Amino acid sequence: MMSQIDKAKLFRALHVPHAPIILCNVWDAGSAKAVVRAGAKAVATSSWSVAAAQGYADGEELPLDDALAVVGRIVPCVDCPVTVDFEGGYAADPDTVGQNTRRLLSLGVIGLNFEDQIVNARGLYSIADQAKRLRAVRDAADALGIPAFINARTDMFLKAAPDVDHASLVDEAVARAAAYAKAGADGFFVPGLTDKTLIRTLCRLVALPVNVMAADPQGNGDRAGLGVSRISFGPDPYIKLTALLEREAGACV
């Protein structure tokens, strides 16, 4: 069995531009074991999927204690790195974010996604405010002696209005990435950005490893060629599997 620190170091080493780690996001211990049997090098949860599997909507609707209970079942079931989609840390203020992060990492987790949208409200945190929140996450990990991989997620592209040109958002995204890196982030996650030219540009301008979210695994080779270091699939695996279950159930009744 690898130690938590060894898992954290391994996970960090798997983020390589042009040779990204591929994460098929899971929602419980059973799905985690399935992706490991399939050859996954690490396990990553999807907050949307974890919540949906428990009958809740995404957006920290699943109570924190229940979310941590799910993680607490996943970690001992797989001997590989486990990273958690921790949404906004279940708090707005940095102190509580830090406390919640310590609870998460104490379960054996080696990384987390941490987003800059204001959960259950409109808009994003300012760069300065989100940097303070990220620093609280980093300080919590450092206090525990865990080199956790903090994947700083920006929702700029995902939450942009349909008529907004994503190219117009790149400069702010680069600024956010730089500030987040200074605050202690290890990766930069840009869900909602799918334009290949813009992804390549972001990978060139951002010092952090870039994570993109996809729906079709057939395009992983093309995405790798853009310079990304991580590809994840968010709720898509859960949505596809439950759709299959619904079809199977329909054939049975």
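**View 1. Gly 123 and its contacts in a predicted model.** Gly 123 touches Gln 117 and Ile 118, leaving aside residues up to four places away in sequence; contact here means heavy atoms within 4.5 Å. The loop between E4 and H6 holds Gly 123. Helices (H or I, at least four residues) and strands (E, at least two) are DSSP runs, numbered from the N terminus. Gly 123 counts as partly exposed because its relative accessibility is 44%; buried means under 20% relative accessible area, exposed over 50%, and partly exposed in between (1.4 Å probe, protein chains only). From Gly 123 to Gly 145 there are 22 residues in sequence and 33 Å in space, C-alpha to C-alpha. The model is predicted, so local features need pLDDT of at least 70 and side-chain atom pairs count only at pLDDT 80 or more, whereas totals for chains, interfaces and linings use all residues. Residues are numbered from 1 along each chain as its sequence is written, and side-chain values use heavy atoms, with hydrogens and water left out.

**View 2. Helix H5 and its buried residues.** Helix H5 comprises twelve residues (94–105) and reaches 16 Å from its first C-alpha to its last, close to the expected 16 Å at 1.5 Å a residue; the expected span is 1.5 Å times one less than the number of residues. Buried in H5 are Val 97, Gly 98, Asn 100, Thr 101, Leu 104 and Leu 105. They lie on the same side of H5 because they cover an arc of only 170° around the axis; the arc is that of the directions from the helix axis to the C-beta atoms. Among the elements that cover the buried residues of H5 are helix H1 (4–13), helix H4 (64–74), strand E3 (82–85), strand E4 (111–115) and helix H6 (127–144).

**View 3. The two sides of helix H1.** Lys 7, Ala 8 and Phe 11 are buried in H1. These residues cover an arc of only 100° around the axis, which puts them on the same side of H1. Lys 9 and Ala 13, on the other side of H1, are exposed. The cover over the buried residues of H1 includes strand E1 (21–23), E3, strand E5 (149–153) and strand E8 (230–232).

**View 4. Cysteines without disulfides.** The structure holds zero disulfides, a disulfide being a pair of cysteine sulfur atoms within 2.5 Å. Cys 80 is in no disulfide, and its nearest cysteine sulfur, that of Cys 77, is 11 Å away. Cys 80 counts as buried because its relative accessibility is 6%. Cys 203, at 17% relative accessibility, also counts as buried.
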